[in-house]
Amino acid sequence: MSFDGITIAALKEELSQALTGGRITKIAQPEADELLLTIKNTGGQYRLLLSASASLPLAYLTKNNKPSPMTAPNFCMLLRKHIGGGRILSVTQPSLERILHLEIEHLNELGDLCRKILIVELMGKHSNLIFCNEEGMILDSIKHVSSAVSSVREVLPGRPYFIAETQEKLNPLTALQEEMITAICAKALKLSKAVYTTLTGFSPLMAEELCFRAGLDSDRPAVSLEEAQKARLGHVLEGMLLNLKLGQFSPHIVYQGKEPLEFACLPLSMYQELESQSFDSVSLLLETYYASKNAITRIRQKSADLRRIVQTALERNQKKYDLQYKQLSDTEKRDKYKVYGELLNTYGYQLEPGSKSLTALNYYTNAEITIPLDPQLNPQENAQKYFERYNKLKRTFEAVTKLLEETREEIQHLESIRTALDIALLEEDLVQIREELVEYGYIRKRRGDGKKPKVISKPFHYLSSDGFHIYVGKNNFQNEELTFRFATGQDWWFHAKGIPGSHVIVKTEGQELPDRTFEEAGRLAAYYSKNRDSEKVEVDYLQRKNVKKPGGSKPGFVVYYTNYSLVIDSDIQGLKQL
């Protein structure tokens, strides 16, 4: 995420073009730290969202309205009094700071023209919306900051407004290139950090991009740059700043798989191998990015309870598995007791009464063996005692082996559910996962669960480059449905080898699959598996007719004995999702 001075510069250009000359027709405060201004201009009606949220400060144009409280907060009432019906004269950005100034002209109670400034500071936890008069005196702010909170600057009515100079940074729009490069290279910091701590408006992301374009290692010390490297860095910096000065922005989002990774308003060359989406509007970029991020965050929050249930059950079963494995290890000496009993029956007649041991030839290994004895028992009774130990350990071995296999299957099942939670993108996907947890007793069934209509989640559906339809199960129920009800015997089945993951079905429609389709289906199986972040994943594939389901096994569990394998990456960016 790079809501830095460069993004603000692009946003300033957009707002300036759309809003300059427009009249403010409505002022609302939907949240405690948020304003929604409705502005009518020659180009139409615009809604400007301004948020001073500490976790997510934002400013962008939106078409969406938000409900407001029945009683407007004091800050909102003050703005309505002063600038309701006012005209926006300009939208500016001081230096390359993360600040916007909206200069507004309005009529006061006497009918005289006055000017006010609405200042939008988008600085993380220090974000604020500040309303000032023409002389720069604060009239009010959406957040009050007293001297007890900040020793640097008070934000209170009656105090003068100023930008706190907490860091000595250069304004890249006015500073000389030589001055900037000298300041950067004088710091004993890694190069990228030296850039964003020296220049206003540069975020860590844009500092990394600057280093990448210059062909320099961002982790090397800035002071170690040679003259030729300094010149190269200066040349690239000059090119980036020229785009800024000319207003040549290219808003885009970079995606990693289906999840938005970064956004920027200048090209991100360092992510050229990843898929990106371009936008004509910075506002649309911001709205799309944060909507996508919020959707993913919301699903993760909604799945948190399910994840906790699965994790708890996994930990409990893993402890159980460790204890059972230890029990099984303790039964390894059972055959020794059987041999002791047999040797005692064979050589016991030689023993004198009260003997504490027997040394005899073990005819299984042709080596001498010493057998401990209970002197209170005769040879036959000692033999019987060893046979009883043997039988007890044998029964334990058989019982624990079965329990161990059941626990192993339980762990595999839970890991497959955890992987399904990672894959889930919609609330409907979580419904089926919860149903599975209820069915297998991990969640107690709630009263009335059976009366509610089931929400049906559909598998992912892709189209290969050669026109073949590929289906990917999102959870165990869907895997079962795809493999044993939807697919025909001639269709091809893919799955990541030996790890939890989705069943992938390629519909052949009686045709032979080209190699490229095998590779694309393999990538989907790798991506929708536990090892999706690995560089390479081994994937098994075979025709569906060779995939079998053992009787009584859990959903999604299959066996197969003849298959092909491929090792492939999990990059699915080129695949078309339907």
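Author: Let's start with handedness: a crossing is left-handed if the near helix is turned anticlockwise from the far one by less than a right angle, and right-handed if it is turned clockwise. This is a predicted model, so local features need pLDDT of at least 70 and side-chain atom pairs count only at pLDDT 80 or more, while totals for chains, interfaces and linings use all residues. Residues are numbered from 1 along each chain as its sequence is written, and side-chain values use heavy atoms, with hydrogens and water left out.

H8 crosses H10 in a left-handed sense. Their axes are 9 Å apart and the packing angle is about 155° (axes are lines fitted to C-alpha atoms, for helices over the stretch in contact, and angles run from 0 to 180 degrees between N-to-C directions). H8 and H10 are therefore roughly antiparallel to each other (under 35 degrees is roughly parallel, over 145 roughly antiparallel, 65 to 115 roughly perpendicular and the rest oblique). The residues of this contact comprise 16 nonpolar, seven polar and eight charged (Ala, Val, Leu, Ile, Met, Phe, Trp, Tyr, Cys and Pro count as nonpolar, Asp, Glu, Lys and Arg as charged, and the others, Gly among them, as polar).

Now move to helix H5 (residues 204-213) and helix H6 (residues 227-246), whose axes come within 9 Å and cross at roughly 125°. That angle makes H5 oblique to H6, and the crossing of the two is right-handed. From H5, Met206, Leu210 and Arg213 meet Leu233, Val236, Leu237 and Met240 of H6, contact being heavy atoms within 4.5 Å. By type, the residues of the contact between H5 and H6 are six nonpolar, no polar and one charged. An α-helix has 3.6 residues a turn, so residues three or four places apart point the same way.

Just after H5, glycine 215 takes a positive phi of about 70°.

H1 leads us to the core. A nonpolar core is a set of buried Ala, Val, Leu, Ile, Met, Phe, Trp, Tyr and Cys residues joined through side-chain atoms within 4.5 Å. The largest one has 81 residues, and Leu48, Leu50, Leu100, Leu118 and Phe202 have the most contacts inside it. Helix H1 (residues 5-19) gives the most to this core, contributing eight residues. Setting aside residues up to four places away in sequence, Leu48 touches Leu15, Leu19, Leu35, Leu36, Leu37, Ile39, Tyr60, Leu61 and Leu102. A second, separate core of 27 residues includes Val472, Val504, Tyr527 and Ile572.

Another helix pair is H11 (residues 427-439) with H12, whose axes come within 8 Å and cross at roughly 100°. H11 is thus roughly perpendicular to H12. Here Gln432, Glu435, Glu436 and Glu439 of H11 meet Asn476, Phe477 and Gln478 of H12, and the contact divides into one nonpolar, three polar and three charged residues. Asn479 also sits in H12 (residues 476-486) and is buried because its relative accessibility is 3%. Beyond its neighbours within four places in sequence, Asn479 contacts Gly473, Gly501, Ser502, His503 and Gly556.

Finally, the loops. Glu509 lies between strand S18 (504-506) and helix H13 (515-527); its phi is near 50°, a positive value in a residue other than glycine, and Glu509 is exposed at 62% relative accessible area. Ser95, in the loop between strands S5 (87-92) and S6 (99-107), also has a positive phi near 50°, and is partly exposed at 29%. Asn546 belongs to the loop between strands S19 (537-543) and S20 (564-568) and is partly exposed at 32%. Not counting residues up to four places away in sequence, Asn546 touches Val559, Tyr560 and Thr562. The C-alpha atoms of Asn546 and Val559 are separated by 8.7 Å, with the two residues 13 apart along the chain.

Note on methods
Buried < 20%, exposed > 50% of the residue type's maximum accessible area, 1.4 Å probe, protein only. Helix = DSSP H or I, 4+ residues; strand = E, 2+ residues; numbered from the N terminus.
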